[in-house]
Amino acid sequence: MAATMNVDIVSAEAEIWSGTAKMLFAPAVMGEVGVLPKHAPLLTKIKPGEVRVITENDEEEFFYVSGGMLEILPTGVTVLADTAQRAHDLDEAAALEAKDQAEKILHDRKDDIDYATAEAQLAQAIAQIEAIRKIKKKLGKA
Amino acid sequence: MAVGKEIRTKIKSVKNTQKITRAMEMVAASKMRRAQDRMAASRPYADKMRNVISHLAHAHPEYRHSFMLEREVKRIGYIVVSTDRGLCGGLNSNMFRALVRELREWKSKGVDIDMCTIGTKSTAFFRRLGSRIVAKASHLGDTPQIEDLIGTVKVMLDAFENGTIDRLYVVYNRFVNTMTQAPTFDQLVPIQKGGYKELEHQWDYIYEPEAKEVLTDLLTRYIESLVYQAAVENVACEQAARMVAMKAASDNAGGMIDDLELAYNKARQAAITQELSEIVGGAAAV
């Protein structure tokens with residue numbers, strides 16, 4: 001029987017694939033790597049691309065990853081896949097947007113929507129309670 | 001018969017409210033189940049990351065990433081995860097109360113606070129409180145995506161790296177069970193010892209490219225995944241809290257309907273009795 005290894009492909013949002021494999025190919029940053037069981041421990045980043053797994057039944061499985069990390073141990077391989085598109089300037093843009101939003105909310109004090117709806121709801125509730133009290137009082141007298 | 005028209009309208013309106021709350025209860029119940037599944041699905045990633053970081057921390061005792069170093073605390077960052085919508089009982093207010101207590105304690109020690117709010121409720125609350133909000137994200141919906149969180153987390157991690165803040169926490173509601181949601185404060189950076197295990201074996205990875213670069217990427221993703229998990233857990237909490245709150249509301253509406261119906265029947269009977277006695281009195285007078 002050929003040697004096999006455990007393969008886990010996980011992302012932050014879900015476990016994508018898990019099983020036993022004979023071989024795995026992944027697009028590492030320094031070039032495509034092919035991993036067989038009993039590989040030396042290796043930790044590397046991976047580029048967006050295709051991860052190919054040859055399972056123990058000699059079937060091929062393909063997964064697209066948009067980058068991430070690859071951890072190789074003699075006993076198995078873990079692919080920590082990104083679900084989001086990652087690049088330095090993309091991250092930077094996302095950070096800027098988060099900051100912008102915060103600043104907007106701080107300066108724009110007019111759109112107190114939450115406060116307004118809460119007030120409206122409160123007024124409505126008070127009116128209802130008042131109505132019920134009136135009805136009860138009326139009945140108590142009747 | 002004109003008797004008790006107001007009461008009848010009131011009963012009708014309470015019944016309508018009850019219909020709505022009951023529907024919301026059922027929607028929340030099904031959403032909660034899905035949120036719980038997502039909570040479970042995101043766990044393997046964080047576990048795997050923690051393993052890798054433990055290996056790294058052990059294999060490089062001489063190199064400590066800045067995310068792992070404690071320093072004197074002058075300013076603290078908080079990432080507060082709240083819901084976008086209300087009608088979920090005391091879920092948000094309980095968390096805010098616990099957080100405000102904590103903030104007051106830091107203030108008395110002369111420590112400043114930077115806020116990063118996720119969810120409109122926390123943004124509204126801390127804006128009214130006059131806190132310094134440096135980053136914000138909202139409308140994550142029922143299925144938060146990690147993309148929506150990258151920006152806010154980066155703002156805070158950059159602030160940590162350039163020394164603006166000396167510690168970073170994430171605040172969220174932990175899902176204990178359907179009835180219990182616990183406000184939780186987790187320290188993100190510096191990563192605490194408990195965050196990675198001390199291992200005993202002696203070997204190291206081959207790194208591609210350099211160890212430092214790999215480590216930075218890894219730690220960033222690890223912290224993002226923790227914030228993501230907080231967001232997912234908070235969604236589950238929101239749905240659970242809403243379910244319970246709506247169940248209570250439906251029950252209360254039921255009680256109110258019973259009361260009103262009783263009052264209505266009493267009024268009706270009183271009117272009939274009065275009419276009868278008037279007729280009898282009239283007949284007697286004739």
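Reader: Where does B:Glu238 lie?

Author: Happy to start there. B:Glu238 lies in helix H6 of chain B. Keep in mind as we go that this is a predicted model.

Reader: Is B:Glu238 buried or exposed?

Author: The thing to look at is the relative accessible area, and buried means a value under 20%. B:Glu238 has 7%, so this residue is buried.

Reader: Which residues does B:Glu238 touch?

Author: Leaving aside residues up to four places away in sequence, B:Glu238 touches B:Thr83, B:Arg85, B:Cys88 and B:Leu91. One of these, B:Leu91, is also listed among the buried residues of H3(B).

Reader: What do the buried residues of H3(B) pack against?

Author: They pack against strands S1 (75-81), S2 (112-118), S4 (167-175) and S5 (181-189) of chain B, and against helices H4 (120-129) and H6 (211-285) of that chain. Among the buried residues are B:Met95, B:Phe96, B:Leu99 and B:Trp106. After the helix comes B:Gly110, with a positive phi near 80 degrees.

Reader: Back to H6. Is B:Ile279 buried or exposed?

Author: B:Ile279 is found in helix H6 of chain B. Exposed means over 50%, and B:Ile279 has a relative accessible area of 54%, so this residue is exposed. Together with B:Ile272 and B:Leu276, B:Ile279 forms a nonpolar patch on the surface, with about 280 Å² of accessible area.

Reader: How far apart are B:Asn16 and B:Ala253 in sequence and in space?

Author: In sequence they are 237 residues apart, while in space their C-alpha atoms are 9.5 Å apart. B:Asn16 is found in helix H1 (residues 5-41) of chain B and is partly exposed, at 40% relative accessible area.

Reader: Now for the two chains. What area is buried between chain A and chain B?

Author: The size of an interface is often given as the accessible area lost when the parts come together. Here about 4,400 Å² is buried between chain A and chain B, and carbon and sulfur atoms give 64% of that. On the chain A side, A:Ala12, A:Glu13 and A:Leu43 lose the most area to chain B, together 15% of what that side buries. In terms of contacts, 49 residues of chain A meet 51 residues of chain B.

Reader: How many salt bridges are found across the interface?

Author: There are 4 between chain A and chain B. For an example to look up, B:Lys48 forms a salt bridge with A:Asp8, and their closest N and O atoms are 3.3 Å apart.

Technical notes
Residues are numbered from 1 along each chain as its sequence is written. Chains are lettered from A and ligands numbered from 1 in the order in which they are written. This is a predicted model: local features need pLDDT of at least 70, side-chain atom pairs count only at pLDDT 80 or more; totals for chains, interfaces and linings use all residues. Side-chain values use heavy atoms; hydrogens and water are left out. Buried means under 20% relative accessible area, exposed over 50%, partly exposed in between (1.4 Å probe, protein chains only). Helices (H or I, at least four residues) and strands (E, at least two) are DSSP runs, numbered from the N terminus. Contact means heavy atoms within 4.5 Å. Patches are made of residues with over 30% relative accessible area and no salt bridge: like charges are joined within 9 Å, nonpolar side chains (Val, Leu, Ile, Met, Phe, Trp, Tyr) within 5 Å. Accessible areas come from the Shrake-Rupley method with a 1.4 Å probe; for residues, only the protein chains shown count as cover. A salt bridge is a side-chain nitrogen of Lys or Arg within 4 Å of a carboxyl oxygen of Asp or Glu. Buried area is the accessible area (1.4 Å probe) that two parts lose on being put together, summed over both.
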